[in-house]
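The following exercises concern a structure of two chains.

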Amino acid sequence: MDSGIKSRIFDMILNVIVFFSVLVCLIPMLYVASVSLSSNSAILSRRVYIWPVELTFDSYRVVFADKTMIRSLLFTVVLTLVFTAMSMMMTILMAYPLSKKGLKGRNFFLLMVVITMYFSGGMIPDYILIKNLGLLNKVGALIFPGLISAFNMIVLKTFFSNLPESLEESALIDGANYLTILVRIVLPLSLPVLATLSLFYAVGRWNYFMDSLLYITDSKLYPIQLKLYQIVYNNMQPEISAIEGSIASNLLPESLKAASVMFCTIPILLVYPWLQKHFVQGIMIGSIKG
Amino acid sequence: MRRNYLLYLFLVLPVAYFFIFKYVPMYGVTIAFKDYNMFLGIWKSPWNNFATFKEIFSMKEFFRAVKNTFFLNTLDLVAGFPAPIILAIILSELRNQTYKRISQTILYLPHFLSWIVIGSLTIQLFSAQSGLVNTLIEKLGFEPIPFLTEKTPWIITYTLSGVWQSAGWNAIIYLAAIAGINPELYEAATVDGAGRLRRIWHITLPCIKTTIIILLILNVGRIAQIGFDRPYAMGNYLVTDVSDVISTFVYRVGLRSGRFSTATAVGFFQSVVGMVFLITANYIAEKLGEQGIW
């Protein structure tokens, strides 16, 4: 490789561009984190950049004292886990039979899925359906409509059909049924792709906002995104006791909102570095399918 | 053959899911052609002879929403499509692998934030009274820019939020394409005396051309479609003129004002136009994918 002076300057320019891009990614979060940790006077006199000025944890004291906030967070954690488990079960149940090329009616079922990738009823027919099913203000409204992603299902189907057939054939000859084969042979061979798809479902559920805005008006069932929306966009006040209330009344809305944003983002930031690898694998699996 | 019954048993629940949650709403689209009455239900509501469509085609707000949808999506394409390609080329040229890996991890991160979080970050960062960006602009002696409350600045903020959210993540696919290029090509070019810029221009870009073109076609295919979370989280009533897109319009007309038939007709219009774009684009992309490009 060349190591001339030109090449070194080139390297330097590239490093600077990448460093700048990384900063652009981080600064919004650093800034909001700093606002959440800075004193009122520092925020008002606009002395806060990307580190806290006159460090204080008051805004977090208020956010953590707000039981509805904690409840939303816990609810969203449980919702995400339940949704992901159910989605994966349904996706596997569909992908496995459809990966069998000899299955009668396979093309019909596949067509049925592919059509939904091109055409959908839309927001209002979906809403009427949920209403008619009696799911308004029920957890089910946040779980059932999105259970199977056609894209994820097809990715998994393609993966299953690329597994060597010989493994299953010998098990079939030994008298095993398809359930045994699926659980004992196919799934253990598919753990990486299963992990990836679970993560896609989980992150999608965690971040999705529209369905809760449409279907949920009972604040006990607010997922964290809807809760955050109410705080930041509709200036919803925290529900807290008198003691924290006195702290809260002295706080700027900015720092309270900033702390709420951090409260909703930190869970993602905590798990993200460990999960990132699986996502990158996942996008590759998807793109091979094309 | 007899053993296949288990496979069909597996399919029962998923097929029921698709029937109830995907195909029943497709039937529900018929309310766009009816005077929907909640108490009569979809089936018994009377047909209205395309009155709903005549209504929406006479609504100024409908055309505004269609125009905004295409306009914002086009800007997304113009700004958001090249960004990941450039980023991927730059990242692939980095020599320090640790630096590259850490940068990638951080650059993918915005993709995992919800639009409500990104919208909140945007408000805090760009607000005219207290946002960091305007603090800096004023420190430099300029007038603050109303990023969120005036049309043109808002459009720019919206477009950049898309680049910010997805450029890193969308670079992955190009990085993979670049990683698949035969290294001998680069070695041969080096022997011939090509500098690094020339190698990017004459080897990297031609080698990932197919990927670029197919992704471009697929992206153009989605130009009539728009999600709800992003325009809803980024928009506000001061910029409705440019921020109201089909999805937010459907929400407002349908669920806020309760005009279900009208809103469904708007959604149906979008679905059909979107489907035409999508099918055409997928068809072309598939053809190109089979033949290779030029």
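**Exercise 1.** Determine how many helices and strands chain B has, and describe the chain's overall dimensions.

*Solution.* Step 1. Chain B has 16 helices and zero strands; helices (H or I, at least four residues) and strands (E, at least two) are DSSP runs, numbered from the N terminus. The model is a predicted one, in which local features need pLDDT of at least 70 and side-chain atom pairs count only at pLDDT 80 or more, while totals for chains, interfaces and linings use all residues. Residues are numbered from 1 along each chain as its sequence is written, and chains are lettered from A and ligands numbered from 1 in the order in which they are written.

Step 1. The radius of gyration of chain B is 24 Å, whereas a compact globule of 294 residues would have one near 19 Å. This radius is taken over C-alpha atoms, and the globule rule is 2.2 Å times the number of residues to the power 0.38.

Step 2. Along the principal axes, the C-alpha atoms of chain B fill a box of roughly 75 × 75 × 35 Å.

Step 3. Of the 294 residues of chain B, 39% are buried. A residue is buried if 20 or more other C-beta atoms lie within 10 Å of its own, exposed if 12 or fewer, and partly exposed in between, with C-beta atoms placed from the backbone.

**Exercise 2.** Carry out the corresponding description for chain A, and state how the chain is divided into domains.

*Solution.* Step 1. Chain A has 15 helices and zero strands.

Step 1. The C-alpha atoms of chain A fill a box of roughly 75 × 70 × 35 Å along the principal axes, and 37% of the 290 residues are buried.

Step 2. Chain A is divided into domain 1 (5-44) and domain 2 (58-289), with bounds that come from an automatic or database domain assignment. Taken over C-alpha atoms, the centres of these two domains are 31 Å apart.

Step 3. Seven residues of domain 1 of chain A are in contact with nine residues of domain 2 of chain A; contact requires C-beta atoms, placed from the backbone, to lie within 7 Å. On the domain 1 side, H1(A) gives the most, with four residues.

**Exercise 3.** Which helix of chain A contributes the largest share of the side that touches chain B?

*Solution.* Step 1. In total, 75 residues of chain A are in contact with 69 residues of chain B.

Step 1. Helix H1 (residues 5-37) of chain A supplies the largest share of the chain A side, 17 residues.

Step 2. That side divides into 54 nonpolar, 13 polar and eight charged residues. Here Ala, Val, Leu, Ile, Met, Phe, Trp, Tyr, Cys and Pro count as nonpolar, Asp, Glu, Lys and Arg as charged, and the others, Gly among them, as polar.

**Exercise 4.** Identify the residues that touch the most other members of the largest nonpolar core.

*Solution.* Step 1. A nonpolar core is a set of buried Ala, Val, Leu, Ile, Met, Phe, Trp, Tyr and Cys residues joined through C-beta atoms within 7 Å.

Step 1. The largest nonpolar core has 116 residues, and Val32(A), Leu228(A), Val261(A), Val250(B) and Val266(B) touch the most other members. Helix H4 (residues 67-98) of chain A gives the largest share of this core, 10 residues.

Step 2. Leaving aside neighbours within four places in sequence, the contacts of Val266(B) are Ile56(B), Phe62(B), Ile246(B), Phe249(B), Val250(B) and Val253(B). A second, separate core of 16 residues includes Val18(A), Ala167(B), Ala171(B) and Ile173(B).

**Exercise 5.** Is Gly28(B) buried or exposed?

*Solution.* Step 1. Gly28(B) is found in helix H1 (residues 5-28) of chain B.

Step 1. Gly28(B) is buried because 22 other C-beta atoms lie within 10 Å.

Step 2. Not counting residues up to four places away in sequence, Gly28(B) touches Gly121(A), Pro125(A), Ile128(A), Leu129(A) and Ile42(B).

**Exercise 6.** Where does Asn49(B) lie, and why does Asn49(B) count as exposed?

*Solution.* Step 1. Asn49(B) lies in the loop between helix H2 (41-44) and helix H3 (51-56) of chain B.

Step 1. Asn49(B) counts as exposed because it has 11 C-beta neighbours inside 10 Å.

Step 2. Most residues other than glycine have a negative phi. Asn49(B), although not a glycine, has a positive phi of about 60°.

Note on methods
Contact = placed C-beta atoms within 7 Å.
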